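Trainee: I have the sequence and the coordinates open, could you walk me through them?
Mentor: Gladly; ask whatever comes to mind and we will take the topics in turn.

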Amino acid sequence: MRFVILGGPGAGKGTQASKLCKHFKIPLICIGDILREAIASKTDFGQQAQGYVDTGELVPDLTMIEFIRDRLQQPNTRNGWLLDGYPRTAFQAEELDFLLDKLDQKLDWAIFLKVPEEVLMQRCEAREDCRADDRPAIVKRRIDLFNERTIPLLEYYEYRQRKRLITVHGEQTPEEIFQEILTQINSR
Ligand code: ADP
């Protein structure tokens, strides 16, 4: 299985991503975590990304695309994966398709966790493992960028990709959301 998971900051992507990876026995590629680790260990990639991540801006597409190209060609991603945090822009989505074509792989599902903006704000503020970019002004910027740059991908996955989109309401318990995702996968 190959998944991408989409949702605003605080939508619950991380929780569902780890449940899905365990269930389908596939590796999780969590871009946010990878970026934060790269920043902490001051790699070239981390240094390129730091200013953007700190302020809630998107890391430039070309940097991200280069990273993904590398990552998806590593041996443990041959039989499936789940991407959390990629793609976030139309350009990133198109590059992913292009790359998958080349690798002779296909995306199975794009999962969208739908959560109202006010709830996203509240959740980020209340997070126990609150990050530097969970400050309200930065969360607001991340939500705005999500609406501007990532929401258009829903249409991309629904229409251009043979109805690969699964939309689930994100205001249920994590287990209910997970079961609904599985039900939708099994019924199509
Ligand atoms: P969230 O999804 O909750 O906003 P993430 O941990 O996924 O948080 O991402 C944190 C930050 O990392 C983003 O605000 C952005 O700066 C950067 N980032 C993550 N994924 C991408 C991406 N695909 N393209 C550009 N920047 C990204």
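Trainee: How do the residues of the lining of the largest cavity divide into nonpolar, polar and charged?
Mentor: Keeping in mind that this is a predicted model, the lining of the largest cavity divides into five nonpolar, three polar and two charged residues. The residues in question are Ile 5, Leu 6, Gly 7, Lys 13, Gly 85, Tyr 86, Pro 87, Arg 88, Phe 146 and Thr 150.

Trainee: Which elements each supply at least two residues of that lining?
Mentor: Strand 1, covering 2-6, and helix 7, covering 136-150, each supply at least two. As for the space inside, the largest cavity holds about 60 Å³, and the count of cavities of 30 Å³ or more comes to one.

Trainee: Switching to the open space, how much of it lies in the largest pocket?
Mentor: About 870 Å³ lies in the largest pocket, whose lining is made up of 38 residues, with Lys 13, Arg 36, Arg 88, Arg 131 and Arg 142 lying nearest its centre. By class, that lining has 15 nonpolar, 11 polar and 12 charged residues.

Trainee: Which helix gives the largest share of the pocket lining?
Mentor: Helix 2 does, with five residues. Among the other elements that each supply at least two residues are helix 1 (13-24), strand 2 (28-30), helix 3 (44-55) and helix 6 (117-126).

Trainee: And the ligand, which residues come nearest to it?
Mentor: There are 20 residues around the ligand, of which Lys 13, Arg 36, Glu 57, Gly 85 and Arg 88 come nearest. Glu 57 has a backbone N or O atom 2.5 Å from an oxygen atom of the ligand.

Trainee: What about Arg 131 and Arg 142, how far are their side chains from a ligand oxygen?
Mentor: For Arg 131, a polar side-chain atom lies 3.3 Å from an oxygen atom of the ligand, while for Arg 142 the distance from a side-chain N or O atom to a ligand oxygen is 3.0 Å.

Trainee: Lys 25 has a positive phi, so where is it, and is it buried or exposed?
Mentor: Lys 25 sits in the loop between helix 1 and strand 2, with phi at about 55 degrees although it is not a glycine, and Lys 25 is exposed, given its relative accessible area of 73%. Asp 104 also has a positive phi, of about 60 degrees, without being a glycine; its place is in the loop between helix 5 and strand 4 (109-114), and Asp 104 counts as exposed because its relative accessibility is 72%.

Trainee: Last one, is Ile 185 buried or exposed?
Mentor: Ile 185, which lies in helix 9 (residues 174-186), counts as buried because its relative accessible area, 8%, is under 20%. Ile 185 and Asp 108 are 77 residues apart in sequence, with a C-alpha to C-alpha separation of 9.4 Å in space.

Key: Residues numbered from 1 in each chain as written. Predicted model: local features only at pLDDT ≥ 70, side-chain atom pairs only at ≥ 80, totals over all residues. Heavy atoms only, no water. 1 Å grid on protein atoms, 1.4 Å probe; cavity = no way out; pocket = protein on both sides within 12 Å on 5 of 7 lines; lining within 4 Å. Points joined across faces, edges and corners; volume = space filled by probe spheres on them. Helix = DSSP H or I, 4+ residues; strand = E, 2+ residues; numbered from the N terminus. Nonpolar A, V, L, I, M, F, W, Y, C, P; charged D, E, K, R; others polar. Near = heavy atom within 4 Å. Polar contact = N/O pair within 3.5 Å; in protein donor to acceptor, adjacent residues only side chain to side chain. Buried < 20%, exposed > 50% of the residue type's maximum accessible area, 1.4 Å probe, protein only.
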